[in-house]
Amino acid sequence: MQIRIINAPAPDLLEMLARRVAPGVRKWIEENRVSAIGFVQASVPDLFYFADIAGKSAHVLTVELSGTCPQTTTTLAVLGETASVRAAMDAIAAQAPAF
């Protein structure tokens with residue numbers, strides 16, 4: 001598992017991210033302030049588990065990124081305000097001893 005957090009993402013990064021999400025999420029990214037993005041690369045079952053943890057621990061949007069290998073490994077993006085993303089990622093890390 002790999003975890004990364006990007007604070008104050010650049011506009012070109014948000015455009016890159018928008019190409020890897022569903023149209024409804026693209027609209028959300030355009031309409032909301034994204035001051036941080038957390039990324040978690042993990043197995044599919046872990047991805048769903050971590051998305052649930054993130055959503056229950058902070059006011060964030062969680063989305064699976066397309067374009068990764070869904071059979072073995074996939075990537076979760078956690079979007080929102082910096083403090084909320086940090087809280088969600090800390091909650092994920094608490095459940096993942098490898099972090």
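Q: How much of the protein is buried?
A: Buried residues account for 41% of the 99 residues in the protein. Do keep in mind that this is a predicted model.

Q: Okay, and how many helices and strands are there?
A: There are 4 helices and 4 strands in the protein. Starting at the N terminus, the elements run β-α-α-β-α-β-β-α.

Q: Why do you call it as compact as a globular protein of that length?
A: The radius of gyration is 12 Å, close to the 13 Å that the globule rule gives for 99 residues, so the protein is as compact as a globular protein of that length. Along the principal axes, the C-alpha trace spans about 35 × 30 × 20 Å.

Q: What about contacts between residues that lie apart in sequence?
A: Take the contacts between residues at least 6 apart in sequence: 73% of these join residues at least 24 apart.

Q: Switching topic: which strand is mostly covered?
A: That would be strand E4, residues 74-80, where 7 of 7 residues are buried.

Q: Which way do the E4 residues point?
A: Thr74, Leu76, Val78 and Gly80 point one way, while Thr75, Ala77 and Leu79 point the other way, and all are buried.

Q: Which strands are joined to E4 by bridges?
A: Strand E2, residues 36-42, is joined to E4 by 7 bridges, and the two run antiparallel. Strand E3, residues 61-65, is also antiparallel to E4, with 5 bridges between them.

Q: Nice. What is the bridge partner of Gly38 in E4?
A: Val78 is the partner of Gly38.

Q: Now a helix residue. Where is Ile29, and is it buried or exposed?
A: Ile29 sits in helix H2, residues 23-31. Its relative accessibility is 9%, and buried means under 20%, so Ile29 counts as buried.

Q: What is Ile29 in contact with, leaving aside its neighbours within four places in sequence?
A: Ile29 is in contact with Leu14, Leu17, Val21 and Leu79.

Q: Last topic: what about the surface and the charges?
A: The accessible surface comes to about 5,600 Å², and 55% of it belongs to carbon and sulfur atoms. As for charges, the protein has 8 positive and 9 negative ones, and their mean positions are 2 Å apart.

Technical notes: Residues numbered from 1 in each chain as written. Predicted model: local features only at pLDDT ≥ 70, side-chain atom pairs only at ≥ 80, totals over all residues. Heavy atoms only, no water. Rg over C-alpha atoms; globule rule 2.2 N^0.38 Å. Buried < 20%, exposed > 50% of the residue type's maximum accessible area, 1.4 Å probe, protein only. Contact = heavy atoms within 4.5 Å. Areas by Shrake-Rupley, 256 points an atom, 1.4 Å probe, with all protein chains shown as cover. Lys, Arg positive; Asp, Glu negative; His and termini not counted. Charge placed at Lys NZ, Arg CZ, Asp CG, Glu CD. Pairing = 2+ DSSP bridges.
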